[in-house]
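Trainee: I have a model open and want to learn how to read it. Where do we begin?

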Amino acid sequence: MLSTIPNQVRLPLRVAVGVVAQGIRIRLGRSLVTVTGVVLGVAFLTSILTTQTLHRSVNTEDRLREQASRAFGFLTAETGPVFGKNLGVVLAAPLSPMEERLLARLERDGAAELRVYAPSGALPKSLTNNGRARRVRSERELGQDAVAILLMGRGVVPALDWSLATQGTRQRLVALGSERAMPALPSQVEGVALARPLPPDEQRRLLEAARRDRFRAIWIIGISLLVTIIGITNSMLMSVTERFRDIGTMKCLGAESGFIRRIFLIEASVMGLVGGVFGVLVGNLFALTLTLVTYGPTLLGQALVAELSALGLGGAVSLAVGALLSVLASLYPAEFAARMLPAAALRSNV
Amino acid sequence: MTASNPPDAATRERFQTLFRAPTGDDRPRVIRAVNVHKTYTTGSQQTHALRGASLEVLRGEYLSIMGPSGSGKSTLFNMIGALQKPSSGKVYIDQVDIAELDHNELAWLRCRKVGYIFQSYNLIQVMTCLENVMLPMAFAGLEPEPARDKAVSILKLVGLGHRMLHKPGELSGGQQQRVAIARALANSPEVVLADEPTANLDQRTGQEMIELLDDLKQRLQVTVISATHDLKMLQKSDRILWIEDGRIVRDARPSDIDFGSAEFH
């Protein structure tokens, strides 16, 4: 006799989805509470991811500017203020990013004229843009009334007579922009390196700080996601309790436990996805506004262009996390509903 | 007497002779319960809800079960409806021993063999009447097209052909109970279980409901088992069982009963 009883027909997904859609529509208020939980959790995650991504890009610029600033400090420590002074520049293209910022800094601090000695090729844009660079053809012209001579770039150093070049300068000083070996200088000419690595303990301190930041971010994200999970679980348990009679009735009508479980899991994933989409939007909006206020539109624009794919990936991850969280948080309530005894529906006035 | 003890032969014999279906009737037994015990354990406290109840129900019979609250009536009802398994004893629904089934097979049995009518209707509020009636058909794997046709014809049968697309909340109690009856009949079950189906209805609507059930029983040859204290319903029954303290204590035909006596008032 038992062999004639097949397993209950797998209920079409369509029916389950229909039940879920109706459930969400009718209990919109409670569904919104659950969705809001997901939105907040995902928004928080997204804002942290986006802010970190944008800062990574902005930080590179920040670090370069800081290095340029240090190099500028080393230079002016030798030469005094550069305001209204001339500088000779020996160009061994290409320039490093730090050197480009150093040139910009010299310009901003009011250096009068940059006399660029470059044997061949066009001058880089960063030099010609400011309008204060002038190309010179001889060593004498290069050093005339200059406070010092800067050797910039990581390329081949043009052959020149350093003694002749520094004859007209005030201090007979050759400052090295890139991290490279100082060319052989005559004894009366002093060489100074502007790009110096950070002292080891300073490097260690920075690494330590970065690690602490990363740990704190993970900790905060973890806690916030946990809170989100608990919130969703609570809200889903409410949803199950609210529908106790419906669940029991469906079980009396022949619904398998799996069907009941599926209803709640589908509901959770729908709400997780909807909440995830809004969470990603809200989180990105927040992070972009924050970055805009902190760094201004130019840096933000650069960072956006540079990190577009990373931001997209972050959004996708957040969305997936939202849906996953929601389903994860609903496992227990769904199981709770699935295990409910159908007889509960028979109790009147439930 | 503890529930786990197997019934001795004498006990079994006594119950079977006392409460078997009317003799001389060779209709098949849709429901058969033999010496059913059910014990609930809450903490260290054991409650014996059923202490050896036995009964047989014939196909097409209209059976009423009476009993005070706490008598084990609900528990017996749950067993007959494949909602619970007995602690000991046997319950056969259409010759299938429900104790042998896992929960999915029980769901299968409930879906196809049993129709439920609840005291408070228990319609799914978010679905239309039509969808409510189609739901058990969906559980049985019926395609939406034939399911809709069948649901429409059943709803017409219970007199609700004009309100099929309304939500239960928009209907009166009597109309909701009609939908519930239509839903109970959706998969052409062997037996319809009705738990106080008229308790939430006024007298006139209750009367209509009794007539509808009686009419459906005549027309569809469906077996109806109801728990009720409604006099009119009892009078329509083929047989009335009294349950007290977990045992069936009396089995009588309405014609043998004095409905004017004190126990009915």
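Mentor: Begin with the sheet in chain A. Six strands form an open sheet in the order 3-2-1-4-5-6, and the pairing is parallel. Strands here are DSSP E runs of at least two residues, helices are H or I runs of at least four, and both are numbered from the N terminus. Two strands pair if DSSP finds at least two bridges between them.

Trainee: Which are the edge strands?

Mentor: They are strand 3 (133-136) and strand 6 (190-193) of chain A, each pairing on one side only. From one strand to the next, the twist averages 25°. Axes are lines fitted to C-alpha atoms, for helices over the stretch in contact; angles run from 0 to 180 degrees between N-to-C directions.

Trainee: What packs on the sheet?

Mentor: Helix 3 of chain A does, touching strand 1, strand 2 and strand 4 of chain A. Its direction makes about 160° with that of strand 4 of chain A. Contact means heavy atoms within 4.5 Å.

Before going on, note the ground rules. This is a predicted model: local features need pLDDT of at least 70, side-chain atom pairs count only at pLDDT 80 or more, and totals for chains, interfaces and linings use all residues. Residues are numbered from 1 along each chain as its sequence is written, chains are lettered from A and ligands numbered from 1 in the order written, and side-chain values use heavy atoms, without hydrogens or water.

Trainee: Which residues of helix 3 of chain A are buried?

Mentor: First the general idea. An α-helix has 3.6 residues a turn, so residues three or four places apart point the same way. In helix 3 of chain A, the buried residues are A:Met98, A:Glu99, A:Leu102, A:Leu103 and A:Leu106. Seen down the axis, they fall within an arc of 145°, so they line one face of the helix. The arc is that of the directions from the helix axis to the C-beta atoms. Buried means under 20% relative accessible area, with a 1.4 Å probe and protein chains only.

Trainee: What follows helix 3 of chain A?

Mentor: A:Gly110, with a positive phi near 85°.

Trainee: Now chain B. Which residues of strand 6 are buried on each side?

Mentor: In strand 6 (residues 114-117) of chain B, B:Val114 and B:Tyr116 are buried on one side, B:Gly115 and B:Ile117 on the other. This strand pairs in the parallel sense with strand 7 (residues 191-195) of chain B over four bridges. There, B:Val114 stands opposite B:Val191.

Trainee: And how many helices and strands does chain B have?

Mentor: Eight helices and 10 strands. Buried residues make up 58% of its 265 residues.

Definitions and conventions
Buried means under 20% relative accessible area, exposed over 50%, partly exposed in between (1.4 Å probe, protein chains only).
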